[in-house]
Amino acid sequence: MTPVLQIHGVDVSFGHGPRRKDVLHGIDLALPRGRTLGLVGESGSGKSTLAKVVVGLVRASSGQVSLDGTDVTRLRSRADLFALRRRVQLVPQDPYASLNPRMTVGETIAEAIDPRRGGAARHRAAVAERLAQVALGADAADRYPHEFSGGQRQRIAIARALAVEPDLVIADEVTSALDCSVQAEVLNLLAALRRDLGLTMLFISHDLAVVRHVSDDVAVMHHGRIVESGTAQAVFDTPREAYTQLLLASVPGRRRDAA
Amino acid sequence: MTATNLLPRNRRPADGPSPGSARTKRRRRPGLMLTLGLTGLGLLVVLAVVAPWIWGDRAEELGPSVHLGSSGEHWLGTDALGRDIFARTMVATRLTLELSALATLIASTVGITLGTLIWVSGPRIRAVGLRVIDVMISYPAVILALAIAAILDPGPKACVIAIGAAGSPSFARLTANLAASVAGRDFVGSARLLGVGPLRLMRRHILPNIAEPLLVLLSVSYAHTLMALSGLSFLGLGVQLPDYDWGQLLAGGLQSLYTNPVEAVGPAVAIVLAGLSASFVGDGLAAAANRSRRADAPAKATKPAEANAAAAVGTAPAVPDDAVLVVDDLRVLRKDGTALVDGVSFHIGAAEIVGVVGESGSGKSLTAMAAARLLPGGLHATARTAELRHPDSAALDLVAPGAENAETRRRLAVEIGIVYQDPSASFNPALKLGGQLTETLRVHLKASRREAREQAIEQLDFVRLTDPASRLRQYPHELSGGMRQRAMIAAALLTRPRLIIADEPTTALDVTVQAEVLRLLRAANERDGTAMLFISHDIAVVGDLCDRVLVMYAGRLVEELTAEDVREGRARHPYTQALLAATPRLDTAAAAPAESAGGPEASAGEPASAEPVRTLAAIPGRPPQPDERPPGCAFAPRCPQVLAACHDTPPPVHSPAPGLSVLCHLEQAGARTGETGTDKPLEAAR
Ligand SMILES: Nc1ncnc2c1ncn2[C@@H]1O[C@H](COP(=O)(O)OP(=O)(O)OP(=O)(O)O)[C@@H](O)[C@H]1O
Ligand code: SF4
Ligand SMILES: [Mg+2]
């Protein structure tokens with residue numbers, strides 16, 4: 001079975017000449033269907049740039065990014081890019097900024113179902129179904145984002161991403177703007193969706209404990225390279241690279257005797 | 001007023017309520033202005049409808065007496081043909097308002113369409129378009145209108161088109177600029193990723209979010225249009241006889257200004273009043289829009305918290321003699337009397353690091369800021385005791401009003417060091433580090449420039465900044481985030497303070513940098529014996545660094561426990577237990593696969609469904625707002641172990657030892673049966 005996402009030898013650099021800055025170096029990753037790959041690394045290590053390459057917002061200067069076997073770096077036509085965009089969905093970090101305050105939740109989700117003609121009334125049943133998926137009642141459709149808590153908003157953002165029925169969901173720091181009790185709510189939802197829908201997800205976070213909690217596999221990024229990858233258990237319990245070991249040793253709250 | 005000065009005020013159209021955004025200063029009363037303006041405009045519209053019926057005949061009636069002054073019969077006199085000016089002014093309302101409305105409509109429709117087109121077309125066209133519009137705006141509208149009116153035949157049609165065209169660049173620029181600012185926000189990006197086309201994006205995501213400033217511009221532009229049209233009529237380019245509007249009447253009146261001044265008064269006053277009303281509506285709308293954006297300041301009247309306070313006191317825990325900071329029954333109050341921090345008591349011993357944890361909005365920062373006498377305006381603190389103790393001198397009162405003398409300020413600056421979350425916000429970007437680091441030493445401790453410099457270098461070296469001497473000549477932005485935070489700690493340590501207050505000093509930092517900063521704080525505490533109040537929302541960080549931990553919920557203290565108890569998950573209060581159970585941990589997560597290691601589905605190579613789903617204990621609901629705190633335990637609506645008494649009786653303080661306490665009815669009820677009850681929610685996390 002071809003992996004849903006296959007990244008091979010991707011380099012990205014910004015700027016030209018002396019101001020040229022290399023951000024990603026020879027990234028290789030494979031994400032099989034139904035699994036969650038956790039991408040960890042410190043700020044500036046290139047995690048979000050990699051996500052943008054997959055979504056098509058940043059162009060790789062070399063290498064391939066394949067979705068179900070099609071190389072998306074070669075897509076040029078509007079129609080192809082449009083189709084690509086709907087196969088990969090990004091859940092953004094800040095649930096307070098990612099929902100249009102002037103659109104009801106129903107309108108927002110209906111738009112994800114049909115971006116050209118979607119309307120809350122027309123897609124009522126489908127919207128209710130999506131909301132149920134993230135454990136929100138159908139009445140949420142008629143309300144506006146400000147009436148929801150941070151965790152509920154993040155659930156709505158997830159429902160919007162799932163409404164497209166994407167092959168791949170990219171979650172970029174989806175819990176870092178949330179309080180820990182709310183973060184727990186969102187992490188539990190993601191866990192349930194993975195179990196029930198067989199979600200394929202690229203989960204980006206700087207928080208190792210969170211990544212450990214949701215991921216099957218883990219890739220560690222450092223200065224634009226993947227320094228170590230493997231199953232979550234292997235990377236977290238028997239890290240091979242010095243950088244991974246440093247990262248793990250820095251996590252607060254490890255039991256003294258365990259550390 | 002042009003579109004330009006509308007912009008900054010409305011930079012962030014229609015934001016959701018963001019915590020802590022309520023710090024904007026009170027502006028002019030928007031309600032009054034809006035009411036005045038709307039009433040004025042409403043009266044004018046009524047007048048425009050009825051005036052031709054009431055005064056129509058009278059306005060056309062030729063009288064025998066021309067150029068009469070004010071009299072009982074003709075309040076505003078008569079014109080050159082003996083017609084009643086008052087009646088004519090009233091009747092002219094309709095035409096004047098109609099023409100202005102038409103011109104404004106043209107200006108806004110053309111302008112908003114143009115702005116939209118400029119925005120949806122690519123970046124290159126956008127840049128050129130905006131430049132062209134800038135040039136157009138810099139020409140006065142009336143001159144453009146004159147030119148257009150001169151090309152077309154003079155008359156109302158030409159004027160309306162001219163003024164409309166002249167007004168449209170303002171709308172175009174505002175639309176394009178606001179669209180650009182809204183377009184940068186996440187929800188627009190998300191819609192793009194969904195494949196929403198540019199026009200629909202504009203209609204559904206952008207225009208509704210910039211409607212308020214556009215509405216403001218609409219009313220302001222109406223006022224301008226009215227003036228400009230009147231001006232053109234006055235110059236004879238606009239409305240032509242036998243029709244008349246206010247500008248026309250004014251022109252007629254001015255011809256006999258010296259012989260019969262009252263003739264000009266009527267139309268002049270009408271123009272000014274109408275213009276003022278429209279501007280008032282504009283200003284009022286702008287202010288109201290700003291206010292609705294600060295939505296998170298509910299102004300409900302609240303019951304004073306005194307009753308709760310009295311009940312919650314219970315046994316006041318003993319305070320050791322060597323305590324550095326002693327706080328008893330601290331309250332931070334809003335102007336309307338709402339307690340944001342509601343009766344918090346704690347102490348920090350010498351060389352002790354005390355952590356404060358709690359969800360966002362639980363009052364951690366306000367407690368710390370009150371202890372540093374640094375509350376933002378509009379808030380004030382009260383306390384039975386709140387003092388910084390000193391073995392050799394009098395205690396420094398931290399809440400007494402009116403103690404703001406030079407000596408207090410000096411002692412605050414010297415004895416308390418502060419480290420904020422965002423070091424870039426606490427350094428002045430325009431000044432070199434040296435001056436900023438040494439300021440307190442030079443001003444308050446009267447150190448010489450050289451001494452101050454040497455001490456600064458020593459501290460920078462202590463926080464392990466490389467080449468400390470040359471750092472002093474650098475600007476804050478030349479340091480990375482982690483380096484700036486270390487410089488901030490060095491600055492806080494410089495005066496060898498007795499207490500350091502650190503408010504989320506590592507929240508913005510990467511884990512490895514965070515670990516370094518925590519080590520530094522520990523080292524400073526060990527070297528100087530500095531007491532520390534360390535705030536974090538991350539219970540794991542607090543457990544690592546601190547000796548003792550205060551847990552806050554909804555402005556109140558719910559538990560004081562040792563950091564070791566935090567690390568081992570031995571909390572007594574249901575809220576602390578919930579916090580612990582909601583926090584994912586590297587090692588507890590590891591426990592899950594290990595438990596089923598022998599099971600048949602344990603192989604890590606299998607698809608995800610084979611792995612057990614580890615649930616964290618989420619806390620349902622959210623904390624109450626400060627003015628909606630329940631009368632009993634604030635956690636009662638979310639507490640899994642709630643008792644009948646919890647809802648209306650505040651829990652008593654149970655203090656097994658100095659510095660340890662639990663505020664929960666379970667402590668009294670005998671419902672607690674050893675450790676099993678305590679560990680239950682934690683079990684769920686594994
Ligand atoms: N200047 C202010 N004026 C009015 N209310 C305020 C002000 N500052 C804070 N508040 C309110 O006081 C309560 C406590 O705020 P505080 O900033 O102390 O919370 P916190 O625990 O530090 O939260 P966070 O983790 O988000 O920093 C909140 O309800 C907040 O909205
Ligand atoms: S007092 Fe009651 S409601 Fe509050 S934490 Fe204790 S048991 Fe729960
Ligand atoms: Mg705070």
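The second largest pocket has a lining of 24 residues, and those nearest its centre are Ala413(B), Ile416(B), Gly417(B), Ile418(B) and Thr440(B). This is a predicted model, with pLDDT of at least 70 needed for local features and 80 or more for side-chain atom pairs, while totals for chains, interfaces and linings use all residues. Residues are numbered from 1 along each chain as its sequence is written, and side-chain values use heavy atoms, with hydrogens and water left out.

A pocket here is an open set of points on a 1 Å grid over the protein atoms alone, where a 1.4 Å probe fits, with protein on both sides within 12 Å along at least five of seven lines; lining residues have an atom within 4 Å of a point. The space in this one comes to about 790 Å³, counted as what probe spheres set on the points fill, with points joined across faces, edges and corners. H15(B) gives the largest share of the lining, six residues. By class, the lining holds 14 nonpolar, six polar and four charged residues (nonpolar: Ala, Val, Leu, Ile, Met, Phe, Trp, Tyr, Cys and Pro; charged: Asp, Glu, Lys and Arg; polar: the others, Gly among them).

Over to the interface: 66 residues of chain A and 59 residues of chain B take part in the contact (heavy atoms within 4.5 Å). Three salt bridges turn up between chain A and chain B (a side-chain nitrogen of Lys or Arg within 4 Å of a carboxyl oxygen of Asp or Glu). One of them pairs Glu111(A) with Arg200(B), at 3.6 Å from N to O.

Conventions: Chains are lettered from A and ligands numbered from 1 in the order in which they are written. Helices (H or I, at least four residues) and strands (E, at least two) are DSSP runs, numbered from the N terminus.
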